[in-house]
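Okay, thanks everyone for coming.

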Amino acid sequence: MFLTVYLSNDSQHFSEVPITPETLCRDVVELCKEPGEADCYLAEIWRGSERLVGEGERMFEVLQQWGQHRGEVCYLLHHQRAPGRDSGGFRGVDQMIKRNHMKASMDRCLENGVWIPDS
């Protein structure tokens with residue numbers, strides 16, 4: 001199985017990452033970030049809301065939990081320190097974060113990677 005990860009808010013800048021049942025979010029981040037880049041995190045975007053994916057979450061399980069909605073979910077690599085992250089790790093990993101801090105509007109995607117822009 002492959003996971004489409006957008007590397008920026010540009011829908012044409014993405015990476016297809018192979019995942020297995022053992023693949024962790026931190027593995028995906030390591031594969032997608034630029035060499036030497038320190039602070040990155042993966043976010044899951046669905047219907048206008050964004051959720052931090054925890055570093056230790058198994059990506060195969062994350063995708064499976066979406067069931068029939070899996071095709072509506074997009075994954076975006078943020079090139080900055082995760083919100084709520086401190087020396088103790090993530091706080092509120094499951095908290096939904098509104099997308100208003102994003103640089104561009106990402107309203108909806110189908111089949112984990114096809115953007116449908118606003119009309």
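So, to start: what pattern does the protein chain follow, read along the sequence? It goes β-β-α-β-β-α-β-β-β-β-β-β. In total that comes to two helices and ten strands. Keep in mind that this is a predicted model.

The mean pLDDT of the protein chain is 78, and 71% of its residues reach 70 or more. There are two stretches I'd flag. Over residues 87-108 pLDDT stays under 50, and the model has 51 contacts beyond four places in sequence for them. Residues 110-119 also stay under 50, with 25 such contacts. Where pLDDT is low, the predicted coordinates should not be read in detail.

A couple of overall numbers. The protein chain has 119 residues, and buried ones make up 38% of them. If you take the contacts between residues at least 6 apart in sequence, 64% join residues at least 24 apart.

Now, helix 1, residues 25-32. Which of its residues are buried? They are C25, V28, V29 and C32. These four cover an arc of only 100° around the axis, which puts them on the same side of helix 1. Turn to the other side of helix 1 and you find E30 and L31, which are exposed.

And what do the buried residues of helix 1 pack against? There are five elements on that list: strand 1 (2-6), strand 2 (14-18), strand 3 (41-46), helix 2 (59-65) and strand 5 (74-78).

In soluble globular proteins, nonpolar side chains tend to be buried together. Here, the largest nonpolar core has 19 residues, and the ones touching the most other members are L3, V5, V28, L42, M59 and Y75. Strand 1, helix 1, helix 2 and strand 5 each supply at least two residues of this core. Helix 1 gives the largest share, four residues.

Take V5 as a close-up. Leaving aside its neighbours within four places in sequence, V5 is in contact with H13, F14, S15, V17, V28, C32, L42, Y75 and L77.

Okay, charges. Side chains of opposite charge can pair when their charged atoms come close. How many salt bridges does a search of the whole structure find? Five.

R51 has another partner, E57, with a salt bridge at 3.0 Å, N to O. Through shared partners, salt bridges join E44, R51 and E57 into one network.

The next pair is E72 and R47, at 3.2 Å, N to O. E72 lies in the loop between helix 2 and strand 5, and R47 in the loop between strand 3 and strand 4 (49-52), so this pair ties together parts that are 25 residues apart in sequence. As for accessibility, E72 counts as partly exposed at 24%, while R47 counts as exposed at 54%.

While we're around strand 4, look at E50, which lies in that strand. Its relative accessibility is 1%, so E50 counts as buried. What joins the side chains of E50 and H78? A polar contact of 2.6 Å.

D39 lies in the loop between helix 1 and strand 3, and at 29% relative accessibility it counts as partly exposed. Setting aside neighbours within four places in sequence, D39 is in contact with H78, H79, Q80 and R81. For D39 and Q80, the C-alpha atoms are separated by 5.0 Å, and the two residues are 41 apart along the chain.

That's my tour, so over to you for questions.

Definitions and conventions: Residues are numbered from 1 along each chain as its sequence is written. This is a predicted model: local features need pLDDT of at least 70, side-chain atom pairs count only at pLDDT 80 or more; totals for chains, interfaces and linings use all residues. Side-chain values use heavy atoms; hydrogens and water are left out. Buried means under 20% relative accessible area, exposed over 50%, partly exposed in between (1.4 Å probe, protein chains only). The arc is that of the directions from the helix axis to the C-beta atoms. Contact means heavy atoms within 4.5 Å. A salt bridge is a side-chain nitrogen of Lys or Arg within 4 Å of a carboxyl oxygen of Asp or Glu. A polar contact is a pair of N or O atoms within 3.5 Å; within protein, one must be able to donate a hydrogen and the other to accept it, and residues adjacent in sequence count only if both atoms are side-chain atoms. pLDDT is the predictor's confidence in each residue, from 0 to 100. A nonpolar core is a set of buried Ala, Val, Leu, Ile, Met, Phe, Trp, Tyr and Cys residues joined through side-chain atoms within 4.5 Å.
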